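Welcome! Here is a short tour of how the parts of one protein chain pack together. Have a look at the sequence and the 3D view, then read on.

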Amino acid sequence: MSSVKRREWRPDEFLDRFQVLTIPLGDDPDGEGLIDATLVRAPGGDNAPNGAVLYVHGFTDYFFQEELAAFFTARGYAFYALDLRKCGRSLHDGHQPHYTSDLRFYDDELNAALDVIAEETAGRVIVAAHSTGGLITPLWLDRLRSSDVERHRRVQGLLLNSPWFDLQGEAILRTGAVNTVIKGIGRVRAKSVLPRALSSAYGDSLHVDRNGEWTYDVRCKPLSGFPITFGWLAAVRAGQHRLHRGLDIGVPALVLRSDHTHFAGSYRPEVDTADCVLDVKQIAQWSGAIGTRVHAVAVPGARHDVFLSLDAPRRVAYDEVQTWLTSTFGEGAAR
């Protein structure tokens with residue numbers, strides 16, 4: 001279990017007026033030396049009658065979405081985000097970016113972040129997560145529900161933004177034979193890189209220096225993504241297969257996604273209004289597997305990160321979150 005000194009918040013190097021807290025995690029179970037995670041705290045959360053939000057990013061990502069933080073703080077929530085081990089602010093020399101051999105390892109920083117938030121805020125926490133984070137967090141909550149009831153009671157809801165519930169692409173990639181190959185290579189050559197490179201279409205659609213409107217550090221979020229290793233993919237597939245057997249996160253959930261997918265090898269205007277990373281039909285198929293109180297919404301014209309969509313679908317996404325907050329918790333109107 002990590003040890004966090006509560007009063008070591010310092011200014012964030014990426015976002016003005018945000019603060020960060022390092023969560024030391026000790027020796028990496030995957031053999032890459034000392035590791036840590038980084039908890040980010042948004043300004044404006046001192047008076048937070050509705051509790052807090054804990055946001056978890058996806059693969060080739062880190063927290064930079066100031067607008068999302070402002071949405072929640074305006075509605076009476078303290079907002080926190082977690083850069084997981086070897087990701088974003090927590091990526092250090094000698095680390096394979098985003099590498100883990102088991103998604104359960106992330107429980108350490110998620111638990112520690114939840115503890116810090118519980119000490120700093122009065123209410124319960126809504127966990128929000130994107131893409132791979134949207135796979136990691138329901139698996140974590142399912143484990144908490146059965147093994148750590150006190151921590152689980154601190155969570156009141158789960159908001160997922162295009163969660164990675166299954167492996168996209170050709171059907172053969174999801175067969176038992178391919179899964180056996182991934183698992184086998186993941187055991188003996190865990191950090192070998194898959195031969196298939198990621199497309200830059202998504203990054204090129206987002207970044208202000210290409211075709212988008214968002215400013216972020218491409219060292220933390222490269223336009224073409226970080227390399228995918230067999231060991232990491234095996235961990236993801238193990239998590240997806242566990243989810244497919246059915247989870248019980250024990251709290252109400254909202255799952256947002258785009259209304260259609262458009263895969264592309266390079267940027268074209270069509271990717272601005274579609275998910276060009278994941279197959280949204282798979283998200284729709286598996287959303288009900290995470291629990292018994294799941295509300296799933298397809299946002300027309302949304303990107304993979306619905307909160308980085310063009311203005312009109314982004315407004316729809318925020319309206320859906322507002323409706324969910326009000327109908328589920330009776331709170332959340334902008335102040």
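Two residues are in contact when they have heavy atoms within 4.5 Å of each other. With that in mind, serine 192 is in contact with Ile228, Thr229 and Phe230, leaving aside its neighbours within four places in sequence. Please remember that this is a predicted model.

**Serine 192 in its loop**
- You can find serine 192 in the loop between helix 5 (176-188) and helix 6 (201-206).
- Is serine 192 buried or exposed? Its relative accessibility is 17%, and buried means under 20%, so serine 192 counts as buried.

**Where helix 3 meets helix 7**
- Helix 3 covers residues 133-147 and helix 7 covers residues 230-244; their axes come within 10 Å and cross at roughly 55°.
- That angle makes helix 3 oblique to helix 7.
- The crossing of helix 3 past helix 7 is left-handed.
- Which residues of the two helices meet? From helix 3 come Leu135, Pro138, Leu139 and Asp142, and from helix 7 come Val236, Gly239, Gln240, Arg242 and Leu243.
- Sorted by class, this contact of helix 3 with helix 7 has five nonpolar, two polar and two charged residues.
- A handy rule for reading such lists is that an α-helix has 3.6 residues a turn, so residues three or four places apart point the same way.

**Threonine 137**
- Threonine 137 also sits in helix 3.
- With 0% relative accessibility, threonine 137 counts as buried.
- Setting aside neighbours within four places in sequence, threonine 137 is in contact with Val56, Val127, Ala129, Leu158 and Leu160.

**Leucine 158 and the nonpolar cores**
- How many residues does the largest nonpolar core have? It has 60, and those with the most contacts inside it are Leu39, Leu82, Leu158 and Ile290.
- Not counting residues up to four places away in sequence, leucine 158 touches Val127, Thr137, Pro138, Leu141, Ile249, Val251, Pro252, Ala253, Leu254, Ile290 and Trp324.

**The buried side of the story for helix 1**
- In helix 1 (residues 66-73), the buried residues are Leu68, Ala69, Phe71, Phe72 and Thr73.
- What do these buried residues of helix 1 pack against? Their partners are strand 4 (52-56), strand 5 (78-83), strand 7 (155-161) and helix 9 (311-329).

Notes: Residues numbered from 1 in each chain as written. Predicted model: local features only at pLDDT ≥ 70, side-chain atom pairs only at ≥ 80, totals over all residues. Heavy atoms only, no water. Axes fitted to C-alpha atoms, helices over the stretch in contact; angles between N-to-C directions. Helix = DSSP H or I, 4+ residues; strand = E, 2+ residues; numbered from the N terminus. Parallel < 35°, antiparallel > 145°, perpendicular 65-115°, else oblique. Left-handed = near helix turned anticlockwise from the far one by under 90°. Nonpolar A, V, L, I, M, F, W, Y, C, P; charged D, E, K, R; others polar. Buried < 20%, exposed > 50% of the residue type's maximum accessible area, 1.4 Å probe, protein only. Core = buried A, V, L, I, M, F, W, Y, C linked by side-chain atoms within 4.5 Å.
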